[in-house]
Each structure stands twice: as structure tokens, then as C-alpha cells.
Amino acid sequence: RRVVITGCCGNLGRKLGAYLQERGVEVVGIEHPDYCAKGSEPPCDRVVQGDAQQPGGVPWRRVLAGADAVVHFSAVNPYPNADWSESS
């Protein structure tokens, strides 16, 4: 199984990525280069950096090929340090 998560460096993206990896799911993350802090890699098997708002900013066909699901969390989170119960 393979899941693509946009916003993989955010609060929800990190939590879902870790949850899926613990269950043996391959996780591919998409994140804007300005939002992934160095030394704080998200729990993904692979991270593709790009700007989803720009035409051609993300190689969508390549990233989505073979994906079973896409979870779109790419947004500004006003509560970046919320725990799972507060984020759901």
C-alpha cells in the first residue's frame, strides 16, 4: 500500500505519516521547501519538495503514480503544536 500526504511536515501530516508507517504503509510526502526544517525530517519513506500552488511546482504524475490514496493536509495550521485529539 502507498499513501501520498501533502503537508507532510505539518502537525497532522507527521502524525498520520508515523501512524501509517507503523502499519507497513509506504508514505510519500509532499511539502513546500520553506516548511520542512532541516534535521526534522517527517516520517515518510520519501519527501518531494515543491510548491503545489505553482504550475509545475510538484511533479504530480510521478508522485501520484501507484498511490492507493492521497491525503491533502497542505495548509497553514493555526495550532501547530496541538495533540492528535485537538487536531482531529
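**Close-up views of a predicted model**

**View 1. Cys 44 and its contacts.** Beyond the four places on either side in sequence, Cys 44 contacts Cys 8, Gln 21, Val 27 and Gly 29; contact means heavy atoms within 4.5 Å. The model is predicted: local features need pLDDT of at least 70, side-chain atom pairs count only at pLDDT 80 or more, and totals for chains, interfaces and linings use all residues. Residues are numbered from 1 along each chain as its sequence is written, and side-chain values use heavy atoms, with hydrogens and water left out.

**View 2. The setting of Cys 44.** Cys 44 sits in the loop between β2 (26-31) and β3 (46-49). Strands (E, at least two residues) and helices (H or I, at least four) are DSSP runs, numbered from the N terminus. Cys 44 counts as buried because its relative accessibility is 14%; buried means under 20% relative accessible area, exposed over 50%, partly exposed in between (1.4 Å probe, protein chains only). Its C-alpha atom is 7.6 Å from that of Ala 18, 26 residues away along the chain.

**View 3. The largest nonpolar core.** Ten residues make up this core: Val 3, Ile 5, Cys 8, Cys 9, Leu 16, Leu 20, Val 25, Val 27, Cys 36 and Cys 44. A nonpolar core is a set of buried Ala, Val, Leu, Ile, Met, Phe, Trp, Tyr and Cys residues joined through side-chain atoms within 4.5 Å.

**View 4. Another core.** Six residues form a core apart from the largest one. Among them are Val 28, Ile 30, Val 48 and Val 58.

**View 5. Leu 64.** Leu 64 belongs to helix α2 (residues 60-64). Leu 64 is partly exposed, at 34% relative accessible area.
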